[in-house]
Amino acid sequence: MRRLAAVFVVLVLNSAYLAARADASLFYFGNVALHVVLGLALAALAARSGRSMWSRLSTTMRAGVGLLAVGSAVGVALLVTGATRPFRWILYTHIAIVTAGALLTLGALLQAAIRLPAKGRNAATAAVMCPIALGTAET
């Protein structure tokens, strides 16, 4: 579960960078490639551990995970078509769906972090709030 959450948070941070910058630089294109790798890794980790954890997830988390699954499928379509002008609508669909899923998932993670014992609560809350703060600061 920790690995899944860590990949999710890194992917959200990577997504915030991609949303904020659109430079034609090697660093930007490296982050696009990293985004694909992280997205596929997250989808694989979620599929593997999701079946056993599904019954324990909150309704908010289930909705977020469902949207992220649909958004991942749209992302795979982007791998096939590319994000060129004729397929730009697929990119925007991917962004809209995974943003909604990520917000629901981050909200559910924040609810879970608040219920932790005081010792781990601050670090967990900071880990959830960091991508939210960066994502809102960049838009």
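Modeller: Let's start with a definition: helices (H or I, at least four residues) and strands (E, at least two) are DSSP runs, numbered from the N terminus. This is a predicted model, in which local features need pLDDT of at least 70 and side-chain atom pairs count only at pLDDT 80 or more, while totals for chains, interfaces and linings use all residues. Residues are numbered from 1 along each chain as its sequence is written, and side-chain values use heavy atoms, leaving out hydrogens and water.

Biologist: Which residue with a positive phi follows α3?

Modeller: Helix α3 covers residues 59-81. The residue after this helix has a phi near 85 degrees, and it is Gly 82.

Biologist: How far apart are the end C-alpha atoms of α3?

Modeller: The expected span of a helix is 1.5 Å times one less than its number of residues. The 23 residues of α3 should therefore span 33 Å, and the distance between the end C-alpha atoms agrees, at 33 Å.

Biologist: And how far does α4 reach from its first C-alpha to its last?

Modeller: Helix α4 runs over residues 88-114, which makes 27 residues. At 1.5 Å a residue, 39 Å is expected, and the reach is close to that: 39 Å.

Biologist: What share of the chain do buried residues make up?

Modeller: Buried means under 20% relative accessible area, exposed means over 50%, and partly exposed lies in between (1.4 Å probe, protein chains only). In α3, the buried residues include Met 61, Gly 64 and Leu 68, and in α4 they include Ile 90, Leu 91 and Ile 97. Of the 139 residues in the chain, the buried share is 29%.

Biologist: Which helices are included in what covers the buried residues of α3?

Modeller: Gly 71, Val 74, Gly 75 and Leu 78 are among the buried residues of α3. The cover over the buried residues of this helix includes α1 and α4.

Biologist: Is His 94 buried or exposed?

Modeller: His 94 sits in helix α4. Contact means heavy atoms within 4.5 Å. Leaving aside neighbours within four places in sequence, His 94 is in contact with His 35, Gly 71, Val 74, Gly 75 and Leu 78. With a relative accessible area of 13%, His 94 is buried.

Biologist: Which residues touch Asn 14, leaving aside neighbours within four places in sequence?

Modeller: Asn 14 belongs to helix α1 and counts as buried, at 5% relative accessibility. With those neighbours left aside, its contacts are Asn 31, Leu 34, His 35 and Leu 38.

Biologist: I like aromatics. What angle lies between the planes of Tyr 17 and Tyr 28?

Modeller: Rings of Phe, Tyr and Trp (its six-membered ring) pair if their centres lie within 6.5 Å; planes under 30 degrees apart count as stacked, over 60 as edge-to-face and the rest as tilted. The structure holds 3 such pairs. Tyr 17 and Tyr 28 form a tilted one, 6.4 Å centre to centre, with the planes at 45 degrees.

Biologist: Which helices do Tyr 17 and Tyr 28 lie in?

Modeller: Tyr 17 counts as partly exposed at 23% relative accessibility, whereas Tyr 28 counts as buried at 15%. Their pair ties together parts 11 residues apart in sequence, since the two lie in helix α1 (residues 2-20) and helix α2 (residues 26-53).

Biologist: Which residue forms an edge-to-face pair with Tyr 28?

Modeller: Ring pairs link Tyr 17, Phe 27, Tyr 28 and Phe 29 into a cluster. In the edge-to-face pair, the centres are 5.7 Å apart and the planes 80 degrees, and the partner of Tyr 28 is Phe 29.

Biologist: Which residue forms a salt bridge with Asp 23?

Modeller: A salt bridge is a side-chain nitrogen of Lys or Arg within 4 Å of a carboxyl oxygen of Asp or Glu, and the count here is 1. Asp 23 is partly exposed at 30% relative accessibility. Its partner, with the closest N and O atoms 2.8 Å apart, is Arg 21.

Biologist: Finally, which helix gives the most to the nonpolar patch?

Modeller: Patches are made of residues with over 30% relative accessible area and no salt bridge: like charges are joined within 9 Å, nonpolar side chains (Val, Leu, Ile, Met, Phe, Trp, Tyr) within 5 Å. Accessible areas come from the Shrake-Rupley method with a 1.4 Å probe, and for residues only the protein chains shown count as cover. Leu 40, Val 76, Leu 79 and Val 80 form a nonpolar patch on the surface, together about 370 Å² of accessible area. With 3 residues, the helix that gives the most is α3.
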